[in-house]
Protein chains: 2
Amino acid sequence: MKRSVVIVAGGSGSRMGSDTPKQFMELSQKPILIHTINKFYRFDKNIEIVLVLPEDQIKHWETICTEHSFSIAHHIVAGGKTRFHSVKNGVESLSNSDVIAIHDGVRPLVSNDTIERCYNTANETGSAIPVLPVTESLRKGNLKKSKAVDRTKFYSVQTPQTFRAKLLHKAYDQEWLPEFTDDASVIEKMGHPITMVIGNHENIKITHQPDLKIAEMLLQEMKTEK
Amino acid sequence: MKRSVVIVAGGSGSRMGSDTPKQFMELSQKPILIHTINKFYRFDKNIEIVLVLPEDQIKHWETICTEHSFSIAHHIVAGGKTRFHSVKNGVESLSNSDVIAIHDGVRPLVSNDTIERCYNTANETGSAIPVLPVTESLRKGNLKKSKAVDRTKFYSVQTPQTFRAKLLHKAYDQEWLPEFTDDASVIEKMGHPITMVIGNHENIKITHQPDLKIAEMLLQEMKTEK
């Protein structure tokens, strides 16, 4: 199986209260994106890595790579106006893959097992997205009017969302629709079913300032377990 | 407004991989339950506090209080066979309140603001439960068949779930039903609407081992902010 991964890093630092885009912030003295790329490279030394970055961050990223002597091979592709367009640019830059994973740049704590489950299942069924059961009570509605829902029927979705390359290329040839909130929804629009696999608890998306400290702690824990 | 709180602590240590019930585990050298009780006492020095514990943990708790010279007044009530029955025992031990909050013993990081919003809103509307918008993509179904749902319509529910005392007493006179997953669902069954208020990010439920470390970190952060 020829594996590729499109790592999408579109964030600014605004929600972190910082000028540094969140994907460039440091975790254990290394930018988040370096951790993320390392995770996929360690899983498969022959993997093809595409990094999608906002055009105006590409120079900054190249400087960071030099400063950190970061030498894992990856193509850099400029992002588009929505996440859909960014992923599309990344997917279209790949021509020679069997299975392609799409991964959030700010999820550096994805486990080797999660990555493996995603590629293997997508190779078999066409699609694989990592999920975890929802553990808190859920309500549906708005602050004024809401009702309890049965949380055991709900799963929260992580990345890498992983697909057979042919299917993914075809999916991203569709016109953009506002309902495309993640890659699974783009595939689903074509009528192809989505297979869910279990993700890992540590695979959080670093969005707000406290997430960075939580990630730091989880990272230390994952290191100890090895 | 005469305020009461029923703190429900029914956990064993099984999910934590420990013999110590999770509510007795220590956070910054103090049992989780002491932190939780302190939060409500600091908010209102005249609050009436009821602690619901499994019968076979009451002696252990009394020893802990002595060891930690913990002297905040609280009644101890033995729990029942489900959460509903435990809360019912706690609520029935109170006869002189205007507004009663029901709070998970293992949520020691509830903020003063969240507690205040809950009591004030419940006093006005009859009910208040603290929630946060869901931030990850959600799917509904099971591992074999699922569909994307619009996460902006969903909220995850915290505690203290807070109600006018008369309403709560009436609600807990109902017969137990399996659909009673939290206090809001018991109130809802009587046809009374539920008001949602915003909770706080740190107000996590300590369930698994990593939660304890995350809580430790969030606790330090909340201290620094003061």
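A residue counts as buried under 20% relative accessible area, as exposed over 50%, and as partly exposed in between (1.4 Å probe, protein chains only). By that rule Arg83(A), at 30% relative accessibility, is partly exposed.

Some ground rules come next. This is a predicted model, in which local features need pLDDT of at least 70 and side-chain atom pairs count only at pLDDT 80 or more, while totals for chains, interfaces and linings use all residues. Residues are numbered from 1 along each chain as its sequence is written, chains are lettered from A and ligands numbered from 1 in the order in which they are written, and side-chain values use heavy atoms, with hydrogens and water left out.

Start with the interface. On chain A, 37 residues are in contact with 37 residues of chain B. Contact here means heavy atoms within 4.5 Å. The size of an interface is often given as the accessible area lost when the parts come together. Chain A and chain B bury about 3,400 Å² between them, and 58% of that is on carbon and sulfur atoms. Buried area is the accessible area (1.4 Å probe) that two parts lose on being put together, summed over both.

The rule finds 6 salt bridges across it. A salt bridge is a side-chain nitrogen of Lys or Arg within 4 Å of a carboxyl oxygen of Asp or Glu. Lys213(A) and Glu221(B) make one, at 3.3 Å from N to O.

Which elements of chain A supply at least two residues each to the side that touches chain B? They are strands S7 (127-133), S8 (138-141), S9 (146-149), S10 (154-157) and S12 (196-198), plus helices H6 (183-189) and H7 (209-225). The largest share, 7 residues, comes from H7(A). By residue class, this side of chain A divides into 18 nonpolar, 6 polar and 13 charged. Ala, Val, Leu, Ile, Met, Phe, Trp, Tyr, Cys and Pro count as nonpolar, Asp, Glu, Lys and Arg as charged, and the others, Gly among them, as polar. Helices (H or I, at least four residues) and strands (E, at least two) are DSSP runs, numbered from the N terminus.

Strand pairing also crosses between the chains. S10(A) and S8(B), residues 138-141, run antiparallel and are joined by 3 bridges. Two strands pair if DSSP finds at least two bridges between them. Ser156(A) stands opposite Leu138(B), and Phe154(A) has Lys140(B) as its bridge partner. Within chain B, S8(B) pairs antiparallel with S9(B), residues 146-149, over 4 bridges. There Arg139(B) stands opposite Ala148(B). A hairpin of 4 residues joins S8(B) to S9(B).

Back to Arg83(A) and the charged pairs. Over all chains, the structure has 22 salt bridges. Asp104(A) and Arg83(A) form one at 3.1 Å, N to O. Asp104(A) lies in strand S6 (residues 99-104) of chain A and Arg83(A) in helix H3 (residues 83-92) of chain A, so the pair ties together parts 21 residues apart in sequence. Asp104(A) is buried, at 7% relative accessibility.

Arg83(A) also meets Asp183(A) in a salt bridge, at 3.3 Å from N to O. Asp183(A) lies in helix H6 of chain A and Arg83(A) in helix H3, so this pair ties together parts 100 residues apart in sequence. Asp183(A) is buried at 0% relative accessibility. A network of salt bridges links Arg83(A), Asp104(A), Arg107(A), Asp183(A) and Glu136(B).

Finally, look at H3 of chain B, residues 83-92. Is this helix mostly covered or mostly open? It is mostly covered, with 7 of its 10 residues buried. Among them are Phe84(B), His85(B) and Val91(B). The cover includes S1, S4, S5 (75-78), S6 (99-104), H5 (165-171) and H6 (183-189) of chain B. At the start of H3(B), a side-chain oxygen of Thr82(B) reaches to within 3.2 Å of the backbone nitrogen of Phe84(B).

Key:
A polar contact is a pair of N or O atoms within 3.5 Å; within protein, one must be able to donate a hydrogen and the other to accept it, and residues adjacent in sequence count only if both atoms are side-chain atoms.
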